Amino acid sequence: MGQTACAPMEPQEAWQRFEQDSAWNLKWAGHLLRRIGFGPTWPELQKALAQGPQKTIDGLFQVSAEAEAFAGQMDQWEASAATLPQIRAWWLRRMLETPQPLVEKMTLFWHSQLALGNVRNVSPALLREYLRTIRRYCLGRLDSLFRAVVLQPAMLLSHGAEANRKARPNEHFARVLLEQFSVGPGGFTEKDVQETARSLTGYFVLREEVRFIDREYDSGPKTLFGRSGPFGAEELFDLLARHPATAKSIARKLYRFFISEAEEPGDALLEPLASRLIQGQTIGQVVETMVRSKWFFSLAAYRRRVKCPVEWALGVLRPMEVLVPTEPLGHALAELGQALGEPPTPAGWPDGVHWISPALLLLRGKWSQQFWASDSPFGQKLDPAGLAARHAAKTPSAQVEFLLNLYLQRDLPPEVQNKLVSQVQWASHQTNSNALRQVCQTLALLPAFQLA
Amino acid sequence: MHRNPSFQSGLSSNRNGTYRSGGVDRRRFLVQWSGQMGLAMLGLLRPGLAAAGWEKHSEGTSPGTDPAKQDRVLVILQMTGGNDGLNTVVPYEDDVYGRSRPTLRLRRTEVHRLTDGLGLHPEMKEAARLFHEGRLSIVQGVGYPNSQRNHPEAMRDWQTGYVPGLHVPTGWIGRAADLILQQTPFCLPAVFVGRIEIPFTLRAKTAIIPTVAKYPQMPLAIKGLEKILEKTASNGDAASADNPLAELADRSCRQAIQIAEKLQRAAGSAQLVEYPRFGLAQDLQVVAQLIRADLGIRIFYVELGGGGLGGFDTHAHQAANHGALLREFSASVAAWADDLAKDHSLDRVLLMTFSEFGRTVRENGRRGTDHGAAQPILLVGGRIRPGLIGPHPNLAELEANAPKPHTDFRRLYRTVLQEWLGLEAKAVLGLPWSPVPILSS
């Protein structure tokens, strides 16, 4: 690791397992836990530090009994969510409390990649079912994911594809499926759009359920991507999932999500990931290859993604080890540009630099202030001084240093750290807690904190 | 960022082409950059100084944009519910009008006369004054062929700039915002000032269009950040090593501080005009403040009528409700125009109203009117062609009991996009509509 890691790597070396345990430190533990989850807590950072990278990753990919119990409990509670804001609130609570953050992270990923269209046509129950399905299949095989999610009632309704008649195949939805969800722009012809639409005929949403109506299915032969046959939805999803362009497009999106948005990866770097998907490896296996790799633990990946509002807000709140009210949190995220459940277009949310325009940072400023105000629904719960004291930081300067380690693993220039420490040292003892809140408020706005 | 190559190239070189992101000492970069701030407070936010695409703008070669028009602002006012155009711009001498509206008819003695046979609703006194001052004009008979007459479909057509047979996941304002963002990366192209759910027309692919309910204050948190970042590089070694995103984040944070200061200064500046106590007036006052703060926002969207049922949807007892809305419109817009005119800001501003449809000529027996077709579009600004634009629809030739449109609304969209904002309208509307002469030469 260290500075040498920035040197270019051969593609075959890039995805090799990272074994350099001697370079493992708090900074890299933070990197790993940020990417695969949301804002690590101090105990999580300490545990990762003690376990080393590969063993930590083992844990992140395992489904523990605790995780299963948590998911079961949340499913049960979530079933009462009757409105979009409530559904958001339960999802955010999962993100805050889950013992298996990777699943929620991947649910977020697919929620943007396999995005709904106009959700005003979708009932809360259907939206819940769509999210539950994504959560269930997010780390599985691509073909199963497509099969389960594309034919969700919420998906069909929101894209205006609730009636796929033989006489009127829905080319609009077929185009979304090809362009946004699978092979990507330029990877298909108009003929492919028509044949895809024909393959989906027969599927209807009736009384909020998907039904296949045989007489509306166009059973005639179709030719898609150079193959011919009387394809239906089953065959279509297989063809899409095994198409090299799909694999490459998904690999590229995963690369942006887990490695870097700063540079466009070359084909040689993506090819090993894409070919794993084509061979039928699960998405989880491919993600695992990525995060266990030398490339992941190199400067080519370090702070080379912009935090989306969800990552940013949870990055502020989760390390405080308390539950905050998540319904207002959902509203805050909507104002910051990420209304969960309502992606702006079928292409999902924009990523990267789109999240750090000056105007949006100003909004983050507003919400950072809200989060830390001692009388806000969030700030009432957060107690940075208490948390620091619990983790053995007693003096004001030790407490600031604790927060710097917690939030940024002290990856800041010394001048900035000194200024923050002196802010608290000068505050009198009574106002110490408020001074720490102000430090946290500022930390959340630092340029480095905008990067994952 | 690699979606936009000009963006990336903008990062690695300054306008002299000497700065390389990896090679040059950060301090020198910061000094150079703050020197630019003196020229224009907002650096990236102001077109022309955008670090990304700087060269493009300075040469004026960027496709689909006109640098001379880059300080111009468009304000869209949505009148939700379907505004009764015939009782807004009233053909008070027309026989068909008189006969069709036994209770709702407005008479010569009541209206504010504009020209022979046409007058504004009695509650629109201030709007009539603007009209005579040449700061309010009316485009008559606007609509589209076979227009929808139910709210969601008609509203969707107006908000998307309906292209037959095409599914569009974005609104026309959203697409314009995307185009502006593409040309001036990092800017804030549009905002919604209002209290209803954000309208579909603001849906964009890449632009994030925030809702502003009241004038934003400078968050204290930003002040804290300012102290910390002052004269200091912000990123640690690992993050900043040859990392374009770290540089962008740093630059963007510093610009956020600049915007906050501008907002604070604009809020502190003396108010030039007293605004009436209407919701719309408050929203327009925020718009005026944001225009004065000079943040580079090109499009503002405001709404009158409440967004849901009611509002301009006057099926019953129209007179009082419609009058109240028109009073709110007239008094609010006039105060706003007067305010902006004080320091000549109105010269770079154009406001355009729309509703999802006009209403029927004949009263419906419940002292109301039903969903119609053509409507008058009101324009307010300092550089509009004064007067009435296009003839009043002929009430002898109706389309299912409603005035028939003769001017397609997409021609107006094209005009405000291209002739006013200097954007390539075809990229937003899909088709090459011809302009309507609404601007003063």
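Start with chain B: of its contacts between residues at least 6 apart in sequence, 74% join residues at least 24 apart. Contact here requires C-beta atoms, placed from the backbone, within 7 Å.

This is a predicted model: local features need pLDDT of at least 70, side-chain atom pairs count only at pLDDT 80 or more, and totals for chains, interfaces and linings use all residues. Residues are numbered from 1 along each chain as its sequence is written, with chains lettered from A and ligands numbered from 1 in the order written.

Chain B has 14 helices and 14 strands. Those are DSSP runs, numbered from the N terminus: helices are H or I, at least four residues, and strands are E, at least two.

Now a sheet. Three strands of chain B form an open sheet, order β2-β4-β3, with antiparallel pairing. Pairing takes at least two DSSP bridges. The edges are β2 (89-90) and β3 (112-115) of chain B, each pairing on one side only. Two bridges link β2(B) with β4 (residues 118-120) of chain B. In that pair, B:V89 sits opposite B:L120 of β4(B).

Next, the two chains. How do the axes of α19 (residues 358-372) of chain A and α10 (residues 244-268) of chain B cross? At roughly 75 degrees, coming within 8 Å. Axes are fitted to C-alpha atoms, for helices over the stretch in contact, with angles from 0 to 180 degrees between N-to-C directions. So α19(A) and α10(B) are roughly perpendicular, a label covering 65 to 115 degrees.

How values were computed
Parallel < 35°, antiparallel > 145°, perpendicular 65-115°, else oblique. Contact = placed C-beta atoms within 7 Å.
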